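Work through these exercises with the sequence and model open. Try each task before reading its solution.

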Amino acid sequence: MEPSPNWLLYDGECPFCSRYVVHVRLREAVGHVMLANAREHPALVEEVRRLGYDVDEGMVLKLDGRYYHGADCVHALALLTTSAGWFNRINSLAFRSRAFSRFAYPILRAGRNVTLKLLGRSRLQPSPAPTDS
């Protein structure tokens with residue numbers, strides 16, 4: 001099956017990522033967007049890795065041929081989604097600022113990584129082993 005030309009790639013093992021993509025009302029604003037769990041879509045993970053993006057470092061939105069990763073992704077989503085519902089209003093207020101998105105996203109990512117560790121879940125790609133120099 002050919003994936004949708006527009007998709008949002010996220011870590012389905014991360015409870016925060018999974019809840020975020022459920023609550024964000026992206027489809028209402030831009031039409032069909034496939035919500036793709038990176039653990040179930042290795043071809044999409046490989047596509048973004050070839051472009052230099054790491055899904056462990058942030059979600060990836062592909063929309064109309066453009067890619068948005070990490071802080072740029074949540075910023076784009078905040079600008080694109082409707083303001084219907086409390087979640088989307090808060091999301092829009094917080095992340096419509098590119099500066100705030102870039103400040104807050106590393107904190108959110110760190111929370112994701114700690115949560116995955118506490119839940120005994122692995123990252124998508126294990127951290128590289130240290131090399132002897």
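**Exercise 1. Overall fold**

Among contacts in the protein between residues at least 6 apart in sequence, what percentage join residues at least 24 apart?

Solution. First, the ground rules. This is a predicted model: local features need pLDDT of at least 70, side-chain atom pairs count only at pLDDT 80 or more, and totals for chains, interfaces and linings use all residues. Residues are numbered from 1 along each chain as its sequence is written, and side-chain values use heavy atoms, without hydrogens and water.

Next, apply the contact rule: heavy atoms within 4.5 Å. The share is 62%. Then list the elements. Helices (H or I, at least four residues) and strands (E, at least two) are DSSP runs, numbered from the N terminus. There are six helices and four strands. Their order from the N terminus is β-α-α-β-α-β-β-α-α-α.

**Exercise 2. Helix α6**

Compare the span of α6 with its expected value, then find its kink and its buried residues.

Solution. Start with the length. Helix α6 covers residues 98–118, 21 residues in total. The expected span is 1.5 Å times one less than the number of residues. The helix reaches 30 Å from its first C-alpha to its last, close to the 30 Å expected.

Now the bend, which is the angle between axes fitted to the seven residues ending at a residue and the seven starting there. A kink of about 30° sits at Ala104, shortly before Pro106.

Last, burial. Buried means under 20% relative accessible area, exposed over 50%, partly exposed in between (1.4 Å probe, protein chains only). Ser101, Ala104, Tyr105, Arg112, Thr115 and Leu116 of α6 are buried. Their cover includes α1 (15–23), α4 (71–80) and α5 (86–95).

**Exercise 3. The core**

Solution. A nonpolar core is a set of buried Ala, Val, Leu, Ile, Met, Phe, Trp, Tyr and Cys residues joined through side-chain atoms within 4.5 Å. The largest one has 23 residues. Leu8, Tyr20, Met59, Leu61, Cys73 and Leu77 have the most contacts inside it. Helix α4 gives the most, with six residues.

**Exercise 4. Cysteines**

Solution. A disulfide needs two cysteine sulfur atoms within 2.5 Å. The Cys73 sulfur is 9.9 Å from the closest cysteine sulfur, in Cys17, so the pair is too far apart for a bond. Cys73 is also buried, at 0% relative accessibility. Now check Cys17: its nearest cysteine sulfur, that of Cys14, is 3.1 Å away, and Cys17 is in no disulfide. The count is zero disulfides.
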